[in-house]
Amino acid sequence: QVQLAESGGGLVQAGGSLRLFCVASVRTFSRYTMGWFRQAPGKEREFVAAIGWTGGSTYYADSVKGRFTISRDNAKNTVYLQMNSLKPEDTAVYYCAADAVTTTQYNYWGQGTQVTVSS
């Protein structure tokens, strides 16, 4: 069983930055592909970014490419999402996910952290 705890969300003005953290409580963290997803009010959950086991492979949604950066520290069981040049349309609950089955299907999910970008 993998437990994920996100943090780092908050309120920021458009153009600002936030860094999200996701800590996993599992000994085999380095074996899992990790991802970030988000869900805005009234919308379906959407893929944001993913990172492979070693951190050498990263993937991004077109809407965040060039602005967001996903990274991981396997020694700390932590995955990060650095979000720059934030826009109001980035407002959503952001979820961390572990152990990818497909691009959008993961076996484990965190509770989410709210990100609000004001215009």
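Predicted model: local features only at pLDDT ≥ 70, side-chain atom pairs only at ≥ 80, totals over all residues.
Local features are reported at pLDDT of at least 70 and side-chain atom pairs at pLDDT 80 or more, while totals for chains, interfaces and linings use all residues. Residues are numbered from 1 along each chain as its sequence is written, and side-chain values use heavy atoms, with hydrogens and water left out.

Strands are DSSP runs of E with at least two residues, and they are numbered from the N terminus. Two strands are taken as paired if DSSP finds at least two bridges between them. Strand 9 (92-100) pairs with strand 4 (34-39) in the antiparallel sense, over six bridges. In this pairing, Tyr 95 of strand 9 stands opposite Phe 37. Strand 9 also runs antiparallel to strand 11 (113-118), to which three bridges join strand 9. Here Tyr 94 has Thr 113 of strand 11 as its bridge partner. A further antiparallel pairing, again over three bridges, links strand 9 with strand 10. Strands 9 and 10 form a hairpin, with five residues between them.

The largest nonpolar core holds 37 residues. Such a core is a set of buried Ala, Val, Leu, Ile, Met, Phe, Trp, Tyr and Cys residues joined through side-chain atoms within 4.5 Å; buried means under 20% relative accessible area, exposed over 50%, and partly exposed in between, with a 1.4 Å probe and protein chains only. The members that touch the most other members are Leu 4, Met 34, Trp 36, Val 79, Leu 81, Met 83 and Tyr 94. Two or more residues are given to the core by each of several strands, including strand 3 (18-25), strand 5 (46-51) and strand 7. The contacts of Val 79 (heavy atoms within 4.5 Å), not counting residues up to four places away in sequence, include Leu 20, Phe 29, Ile 51, Ile 70 and Cys 96.

Four salt bridges were found in the whole structure, a salt bridge being a side-chain nitrogen of Lys or Arg within 4 Å of a carboxyl oxygen of Asp or Glu. Arg 38 is bridged to Glu 46, with 2.6 Å between the closest N and O atoms. Arg 38 counts as buried because its relative accessibility is 6%, whereas Glu 46, at 32%, is partly exposed. Asp 90 and Arg 67 form another salt bridge, at 2.8 Å between the closest N and O atoms. This pair links distant parts of the chain, 23 residues apart: Asp 90 lies in the loop between strands 8 and 9, and Arg 67 in the loop between strands 6 and 7. Both of these residues are buried. Arg 38, Glu 46, Arg 67 and Asp 90 are linked in a network of salt bridges. The side chains of Asp 62 and Lys 65 also meet in a salt bridge, with an N to O distance of 3.2 Å. Asp 62 is exposed at 68% relative accessible area, and Lys 65 is partly exposed at 49%.

Gly 110 is placed in the loop between strand 10 (106-109) and strand 11. With a relative accessible area of 8%, Gly 110 is buried. Leaving aside residues up to four places away in sequence, Gly 110 touches Leu 4, Glu 6, Tyr 95 and Cys 96. The C-alpha atoms of Gly 110 and Cys 22 are separated by 8.2 Å, although the two residues are 88 residues apart along the chain.

Technical notes: Helix = DSSP H or I, 4+ residues; strand = E, 2+ residues; numbered from the N terminus.
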